[in-house]
Amino acid sequence: SAGRRRAGRRPRGRAVVRDVSIEVGPGGERVATASKDGRLRVLDAASGKVLAEVACPSSLIALAFSPDGTRLAGFDKGEEVRAWDAASLLTVGRIAYPGEVEGAAFAPDGRLGIVGEASSWLWDLAAGKLARDITAAPRMKSIAFSPDGKLMALGGEDRRIRLVDHGRGRPPYTSILPTRLLPRRHAVTPCYEVESSGTNGAVYS
């Protein structure tokens with residue numbers, strides 16, 4: 001009938017593909033997707049309209065918006081993290097990491113945290129240089145920051161989450177929290193509690 005859309009037809013202005021990574025921007029108004037068709041898109045969350053689109057590696061597995069929504073970072077299982085302007089999707093940074101990247105997240109001040117098989121990095125995108133290198137053993141799988149930016153939480157393949165206080169010197173870890181499974185994704189609350197998913201669903205303080 002006239003009211004039916006043909007199978008396989010794509011609505012105008014919308015991206016209908018199988019996405020491998022999806023990230024919701026601050027405020028929930030925009031959504032970023034990295035797809036198997038090798039396209040990075042930013043869409044209006046309400047209408048689904050494509051606001052910006054650019055070619056990207058088809059192997060991108062994770063995306064992250066900066067807290068102010070002006071930057072977007074992404075990585076695959078290679079040794080590079082890319083950053084784009086979230087409005088235009090123009091490249092604003094390409095960071096060569098010395099090993100396989102496992103996770104990336106923005107700090108509240110806009111710096112980018114990167115973890116993987118080598119050290120844990122805090123990268124200054126504006127200056128284009130490394131702000132801090134935290135030698136981490138074992139390999140880190142995930143990263144998150146507290147809302148005030150004072151603590152960095154690093155999830156390791158040894159099933160422990162390490163809290164790093166930016167204002168302290170060595171040793172860098174203020175706490176080491178055990179989990180039952182690999183900490184794939186976690187968050188730090190304003191009260192400095194760690195909420196971890198991919199583990200046993202527990203909350204550690």
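**View 1. Ser-66 and its contacts from elsewhere in the sequence.** Ser-66 touches Pro-26, Arg-71 and Phe-106, leaving aside residues up to four places away in sequence. The model shown here is predicted. Ser-66 sits in the loop between β5 (62–65) and β6 (71–75). Its relative accessibility is 3%, so Ser-66 counts as buried; the cut-off for that label is under 20%.

**View 2. Polar contacts of the Ser-66 side chain.** Two partners are shown, Asp-68 and Thr-70. The side chains of Ser-66 and Asp-68 are joined by a polar contact of 2.7 Å. At 3.3 Å, the Ser-66 side chain also reaches the backbone nitrogen of Thr-70.

**View 3. The edge-to-face pair of Tyr-97 and Trp-121.** The count of aromatic pairs comes to 2. In one of them, the ring centres of Tyr-97 and Trp-121 lie 5.3 Å apart and the planes meet at 70°, so the pair is edge-to-face. That label applies to planes over 60 degrees apart. Tyr-97 belongs to the loop between β8 (91–96) and β9 (101–106), and Trp-121 to strand β11 (residues 120–124), so the pair ties together parts 24 residues apart in sequence. Tyr-97 and Trp-121 are both buried.

**View 4. The stacked pair of Trp-121 and Trp-123.** Here the ring centres of Trp-121 and Trp-123 are 5.8 Å apart and the planes are at 20°, so the pair is stacked. Stacked pairs have planes under 30 degrees apart. Trp-121 and Trp-123 are each buried.

**View 5. The aromatic cluster.** Ring pairs link Tyr-97, Trp-121 and Trp-123 into a cluster. Trp-121 takes part in both pairs: edge-to-face with Tyr-97 and stacked with Trp-123.

**View 6. The whole chain as context for the close-ups.** The protein chain has 19 strands and 0 helices. It has 205 residues, and 42% of them count as buried. Among contacts with a separation of 6 or more, 34% involve residues 24 or more positions apart. The chain exposes about 10700 Å², with carbon and sulfur atoms supplying 47% of that area.

Key: Residues numbered from 1 in each chain as written. Predicted model: local features only at pLDDT ≥ 70, side-chain atom pairs only at ≥ 80, totals over all residues. Heavy atoms only, no water. Helix = DSSP H or I, 4+ residues; strand = E, 2+ residues; numbered from the N terminus. Buried < 20%, exposed > 50% of the residue type's maximum accessible area, 1.4 Å probe, protein only. Contact = heavy atoms within 4.5 Å. Areas by Shrake-Rupley, 256 points an atom, 1.4 Å probe, with all protein chains shown as cover. Phe/Tyr/Trp six-rings, centres within 6.5 Å; stacked < 30°, edge-to-face > 60°. Polar contact = N/O pair within 3.5 Å; in protein donor to acceptor, adjacent residues only side chain to side chain.
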